[in-house]
Amino acid sequence: MKIHEHQAKELFQKYGVPVPRGRVAFTVEEAQSVAQDLGTLPVVIKAQIHAGGRGKAGGVKLAHTAEDVAAVAGSILGMTLVTHQTGPEGRLVRKVLVEEGLDIDKELYLSLLPDRSTAKLVFMASEAGGMDIEEVASKTPEKIVKVYVDPLVGLQPFMARKLAYGLRLEPDILKLFLPMVHALYRLCLDYDASLVEINPLVVTKDRRLLALDAKMNFDDNALFRHKDVLAYRDLDEEDPLEVEASKHNLNYIKMDGNIGNMVNGAGLAMATMDIIKLAGAEPANFLDVGGGASAEMVENGFRIILSDPNVKGVLINIFGGILRCDVLAQGVVEASKKVGVKVPVVIRMEGTNVEQGRKILQESGLNLIVAQDLKDAAQKVAAIAKA
């Protein structure tokens with residue numbers, strides 16, 4: 001789960017990580033009130049959406065006067081912000097963060113995230129703050145310092161010092177940096193975060209060290225332990241179909257293709273999307289109903305797939321184990337009758353009660369295309385793609 005910058009900064013402050021003074025605003029009037037309360041100009045007005053690249057897209061601007069605050073806030077609130085992370089459709093800006101302007105001397109980068117290849121957490125730091133870390137890694141990888149932390153051992157003092165020396169911090173800033181690193185490590189572990197990122201981490205002219213930006217992502221499977229984080233969830237920033245799927249405990253991710261698919265098992269789902277691409281089409285979604293799905297879950301998943309207007313065909317690829325093929329078939333038939341299927345649906349089933357499942361589909365009276373095997377399913381999907 002993602003949260004907004006202002007929400008991440010609330011958690012930063014809870015752990016003693018310094019951030020600029022500021023507050024979120026939902027209207028121009030609120031933005032003016034925040035600027036007045038800060039008592040200093042200029043202020044920075046930042047669009048709050050779940051995407052990076054806001055500054056380059058015009059979603060982060062300075063306001064040098066009281067009149068500028070109203071004009072800038074008015075121009076950002078309500079705009080559709082398009083960045084490299086939003087896709088061409090962009091995101092509607094419903095709120096802004098108004099913060100004090102800072103006299104910046106140096107911009108740094110600092111993040112902490114799991115590294116699955118080593119089963120450790122990795123700190124990444126760079127002197128090239130304020131830039132996309134992917135661009136830094138591509139063009140100047142020598143500017144990135146990495147420190148790996150075994151969570152069974154914990155963060156050791158020498159590790160934080162290694163990061164500081166890699167950033168070539170001066171002694172007065174080093175004293176501020178070391179406790180910040182330890183605080184971010186505790187924050188990451190305490191909240192089961194999958195990413196903690198500060199870009200940029202700034203050194204000001206008056207020798208302060210502050211998180212000018214803040215980004216945090218969380219492991220969805222651990223949210224039951226963190227009700228305060230779950231309260232941060234912003235459904236306006238999520239795809240409506242993904243929100244609907246989450247209500248039914250379905251693992252659904254919307255994509256930009258034209259062939260919907262429903263599978264049981266994440267590995268089989270990835271392979272199914274490959275099959276769709278090899279057939280000359282593009283997957284419209286990732287949908288894993290899970291091994292223990294009920295007929296009701298299958299019905300809801302099928303309905304959600306068909307709710308996407310971009311879907312021109314559907315491939316259902318199920319290996320029946322815990323989810324029996326007859327249960328799948330019954331769910332598909334019920335969903336088809338309720339929703340009204342207007343696109344071709346190819347169904348490939350193997351496993352427990354496969355013959356009963358195929359019989360249910362064939363006797364349903366619906367226009368459902370039953371594939372005998374995976375090759376046959378791929379050929380039928382290719383025919384749909386060509387049509």
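Helix 2 (residues 28-38) packs on helix 3 (residues 66-76) at an angle of about 140 degrees, with the axes 9 Å apart. That makes helix 2 oblique to helix 3. This is a predicted model, in which local features need pLDDT of at least 70 and side-chain atom pairs count only at pLDDT 80 or more, while totals for chains, interfaces and linings use all residues. Residues are numbered from 1 along each chain as its sequence is written, and side-chain values use heavy atoms, with hydrogens and water left out.

**Terms for the helix pairs**

- Helices (H or I, at least four residues) and strands (E, at least two) are DSSP runs, numbered from the N terminus.
- Axes are lines fitted to C-alpha atoms, for helices over the stretch in contact, and angles run from 0 to 180 degrees between N-to-C directions.
- Angles under 35 degrees count as roughly parallel, over 145 as roughly antiparallel, 65 to 115 as roughly perpendicular, and the rest as oblique.

**Helix 2 with helix 3**

- Val28, Ala31, Gln32 and Ala35 of helix 2 meet Ala66, Val69, Ala70, Ala73 and Gly74 of helix 3 (contact means heavy atoms within 4.5 Å).
- This contact of helix 2 with helix 3 has seven nonpolar, two polar and no charged residues (Ala, Val, Leu, Ile, Met, Phe, Trp, Tyr, Cys and Pro count as nonpolar, Asp, Glu, Lys and Arg as charged, and the others, Gly among them, as polar).

**Helix 5 with helix 6**

- Helix 5 (residues 157-166) and helix 6 (residues 171-190) pack at about 130 degrees, and their axes are 9 Å apart.
- Helix 5 is therefore oblique to helix 6.
- Their crossing is right-handed.
- Helix 5 contributes Pro157, Ala160, Arg161, Leu163, Ala164 and Tyr165 to the contact, and helix 6 contributes Leu174, Phe177, Leu178, Val181 and His182.
- By class, the contact of helix 5 with helix 6 has nine nonpolar residues, one polar and one charged.

**Helix 11 with helix 12**

- The angle between helix 11 (residues 325-339) and helix 12 (residues 354-362) is about 15 degrees, with axes 7 Å apart.
- Helix 11 and helix 12 are therefore roughly parallel to each other.
- The crossing of helix 11 and helix 12 is right-handed.
- On helix 11, the contact uses Cys325, Asp326, Ala329, Gln330 and Val333; on helix 12, it uses Val354, Gln356, Gly357, Ile360 and Leu361.
- The contact of helix 11 with helix 12 divides into six nonpolar, three polar and one charged.

**Binding-site records**

- UniProt places the feature "binding site" (unreviewed entry) at Asn199 and Asp213; positions follow the numbering used here, feature names are shortened, and annotations may be inferred rather than shown by experiment.
- UniProt also lists Asn264, Gly321, Ile322 and Leu323 for "binding site" (unreviewed entry).
- These are spread over 60 residues of sequence, yet they cluster in space, with a largest C-alpha distance of 9.8 Å.
- Gly321 sits in the loop between strand 16 (313-320) and helix 11.

**Backbone points**

- The peptide bond from Leu41 to Pro42 is cis, with omega near 5 degrees.
- Pro42 lies in the loop between helix 2 and strand 2 (43-47).
- Asn199 and Pro200 are also joined by a cis peptide bond, with omega about 10 degrees.
- Asn199 is found in strand 10 (residues 193-204), and Pro200 lies in strand 10.
- Arg207 is not a glycine, but has a positive phi of about 65 degrees.
- Arg207 is placed in the loop between strand 10 and strand 11 (209-211).

Methods: Left-handed = near helix turned anticlockwise from the far one by under 90°.
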